Amino acid sequence: MIPDPLLDHVAVAVEHHADAWPRYAGDLAGRWLSGGMGPGFAPAQLEYANGKKLEILRPHRTEDNDFLRRFLDRNGPGPHHLTFKVGDIEEALAEAAGAGYSPINVDLADPTWREAFLHPRDATGVLIQLAQSEGQWRTPAPADLPAPRTAAPADLVHVAHAVASMDEGLRLFSGLLGGREEARGTADHHRWIDLGWPAAGRVRLVAPSSEGSQLWSWLGARAGRLLHLGFVCEDPGEVSGARALTGSAWSVAAAGNLGTGLVLVPGGSVGFDDGPLP
């Protein structure tokens, strides 16, 4: 197990930052944190009330690095990676290798940001970034950032990740990345386990319990696929494109949100037990 990892942020890929601002800065009132430009991509981060962050990536200088351009051309906009901060990247790499994972794109040259990745083929269908960083980067907000819908930012409570094998999901997110079980449950044809890390933030692993189920069909031959992001927010019914589910939950379909599904509940709700399947 990697010592003391923290779930830092989830990243989504879009063609233009402004495509994502109305949802994540407007509807969900994410607070601007930082942005910049690099070879291949331009990142921008929003922070939510519980300290969890969403990173929005758009292509930039793709002639120098075309990884994000290739991702968008192949998949369209949608979830891109999960980032876990570690105290010692070299120790983390050794633990990953010892657990049978093969880190890729290892870059330890910059002492302020040292990183490596676990390929989706190895990491249950999602790109995992391991990063050791110094301090927190902040930059001025862009002029076109919209005003928040509400003065109270949402909480980014969990990332729901569907896996073909719950055992493989637990091997990665609990065995290597140190997530501690917080809750579990079952629903029609699937089961879920919530894994948590210090400083808030959870991954909900969701696995089909029968072949031929809706979730099983959606996964197809994939080892896993990000299902949705779970937020607690004020008046979720006022979020554009949201539709009511059972209980107090609302959802925004991936097709109506740049490829990333959302489940929204109001403050004080009992939880996300009735989150939708695709």
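**Cavities.** For this search I take a cavity to be a set of grid points where a 1.4 Å probe fits but cannot get out. I keep in mind that I'm working with a predicted model. With that rule I get two cavities of 30 Å³ or more.

I looked at the second largest cavity, and its volume comes out at about 70 Å³. Which residues line the second largest cavity? I listed L7, D8, H9, V10, K52, K53, L156, V157, H158, V159, G201 and R202. Going by elements, β1 (6–13) and β9 (155–163) are the ones that give two or more residues to that lining. I sorted the lining by class and got five nonpolar, three polar and four charged residues.

**Helix α1.** Next I checked how covered this helix is. I find α1 mostly covered, with eight of its 11 residues buried. My list of the buried ones reads H17, A20, W21, R23, Y24, A25, G26 and D27. What do the buried residues of α1 pack against? I noted β2 (31–35), β3 (40–47), β4 (53–60), β15 (250–252) and β16 (262–265).

H17 sits in α1, which spans residues 17–27. Is H17 buried or exposed? I call H17 buried because its relative accessible area is 13%, and the cut-off for buried is under 20%. Skipping its neighbours within four places in sequence, I see H17 in contact with A42, P43, A44, I56, L57 and R58.

I get 1% relative accessibility for A25, so A25 counts as buried. With neighbours within four places in sequence left aside, the contacts of A25 are A20, G30, L46, L145, P146, A147 and P148.

**Helix α3.** I moved on to residues 89–98, which make up α3, and found I89, A92, L93 and A96 buried there. Why do they sit on the same side of α3? They cover an arc of only 100° around the axis, and that puts them on the same side. I remind myself that an α-helix has 3.6 residues a turn, so residues three or four places apart point the same way. The buried residues of α3 pack against β6, β7, β8 (127–133) and α4 (166–176).

I looked at both ends of this helix. At the start of α3, I see a side-chain oxygen of D88 reaching to within 3.1 Å of the backbone nitrogen of E90. After α3 comes G100, and I read its phi as positive, near 95°.

**D110.** Last stop is a loop. I located D110 between β6 (104–107) and β7 (113–118), and both of those strands pack against the buried residues of α3. I list D110 as partly exposed, because its relative accessibility is 37%. Its side chain makes a polar contact of 2.8 Å with the side chain of T112. For a sense of distance I also took D144, 34 residues from D110 along the chain, and the two C-alpha atoms are separated by 31 Å.

How values were computed:
Residues numbered from 1 in each chain as written. Predicted model: local features only at pLDDT ≥ 70, side-chain atom pairs only at ≥ 80, totals over all residues. Heavy atoms only, no water. Helix = DSSP H or I, 4+ residues; strand = E, 2+ residues; numbered from the N terminus. Buried < 20%, exposed > 50% of the residue type's maximum accessible area, 1.4 Å probe, protein only. Polar contact = N/O pair within 3.5 Å; in protein donor to acceptor, adjacent residues only side chain to side chain. 1 Å grid on protein atoms, 1.4 Å probe; cavity = no way out; pocket = protein on both sides within 12 Å on 5 of 7 lines; lining within 4 Å. Points joined across faces, edges and corners; volume = space filled by probe spheres on them. Nonpolar A, V, L, I, M, F, W, Y, C, P; charged D, E, K, R; others polar. Contact = heavy atoms within 4.5 Å. Arc of directions from axis to C-beta.
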